[in-house]
Amino acid sequence: MDIQEKIENLVRDKRTQIPTLPVVVNNILQVAGDESTSAKDLADIIIRDQAIANKTLKLANSSYYGFSSKVDSIPRAIAVIGFNEVIGLTIGMSVFSAFNQKASNNTLDMRSLWIHAIGCGTAAKEISKRTGSNVTEQIFLAGLLHDMGKVILSVYFPEEYKTVLEEVKQSQTPLFRKEKEMLGLDHALLSGFLMERWNFPDSLLLPTRFHHSSTACPLEYQRDAMIIEVADCLCQRAEIGNSGNPVIVNVGNTVKELKITHSTIETLVKELKKQLSEIEAFFEVIT
Ligand SMILES: [Fe+2]
Ligand SMILES: [Fe+2]
């Protein structure tokens, strides 16, 4: 079996040891996909999972959101943070904890990767707002989880991935290209496989799967894939965390497609830089 097959089998074969997500995630995903559910339905689900409920409250009171008064209940958190964003947060936190203990090796610095991921979710929300898109929980969550494939590679294929990471540094090639060349697939595809395994909806899976190849994304989700692609690049430019990629990928065409001006890009980078400590505060809460 070659390395590509081994990686694919690990993620796609349901008998392997990839972490499963807590029941709360499926329940939340159901709420997210059903327009008739209310904030109370969502609050009821979250309250049943103590760990998630506590972290949601902590996050609502962290400097990331910067609310002036104390948020002391889940319904209040949903009211101030927003229904969709709470959905994104709770799922993101569950995925994070599923891998947290496993990701202790030093192939890729996990703290830096998660800071990059939170930054990307934050930037994706901001780009959505500025380009007149509806800000959905999917866009934040797709940003937060877009590089999950790298976690899989670091945790389950540390030796092989270390070689890839060393090679990119030397050759100054974008990481996703080198992964494809050396492993036969890239982390974006792997993130997509993982979401498929977890039964995540297409609205989340496709923008993630195509975040390095947005022109190939099915049209319905292409815009979201483009937003993640640009958000990823902005985080790199603003030096928010580190995702192991040494080269800033040129996303000029995607920026044009999204009709984002040069000055907006510069403003977004500046704002992201300023948000670093809030993004770090977010990370401290979810760990
Ligand atoms: Fe990526
Ligand atoms: Fe990334």
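Analyst: Let's start with "contact", which means heavy atoms within 4.5 Å. Keep in mind that this is a predicted model, where local features need pLDDT of at least 70, side-chain atom pairs count only at pLDDT 80 or more, and totals for chains, interfaces and linings use all residues. Residues are numbered from 1 along each chain as written, chains are lettered from A and ligands numbered from 1 in written order, and side-chain values use heavy atoms, leaving out hydrogens and water.

Now, helix 7 (residues 110-130) packs against helix 16 (residues 262-274) at about 145°, with axes 11 Å apart. Helices here are DSSP runs (H or I, at least four residues), numbered from the N terminus. Axes are lines fitted to C-alpha atoms over the stretch in contact, and angles run from 0 to 180 degrees between N-to-C directions. Gly119, Ala123, Glu126, Ile127 and Arg130 of helix 7 touch Thr264, Thr267, Leu268, Glu271 and Leu272 of helix 16.

Next comes the metal. His116 (NE2), His146 (NE2), Asp147 (OD) and Asp232 (OD) coordinate the iron ion (ligand 2) at 2.1 to 2.3 Å. Donors are N, O and S atoms within 2.8 Å of the metal (3.2 Å for Na, K and Ca); water isn't included, so sites may look incomplete. Asp147 also coordinates the iron ion (ligand 1), 3.6 Å from the iron ion (ligand 2). Asp147 sits in the loop between helix 8 (137-145) and helix 9 (148-156), and Asp232 in helix 14 (residues 219-237), so this pair ties together parts 85 residues apart in sequence. Both Asp147 and Asp232 are buried, meaning under 20% relative accessible area (1.4 Å probe, protein chains only).

Technical notes. Helix = DSSP H or I, 4+ residues; strand = E, 2+ residues; numbered from the N terminus. Buried < 20%, exposed > 50% of the residue type's maximum accessible area, 1.4 Å probe, protein only.
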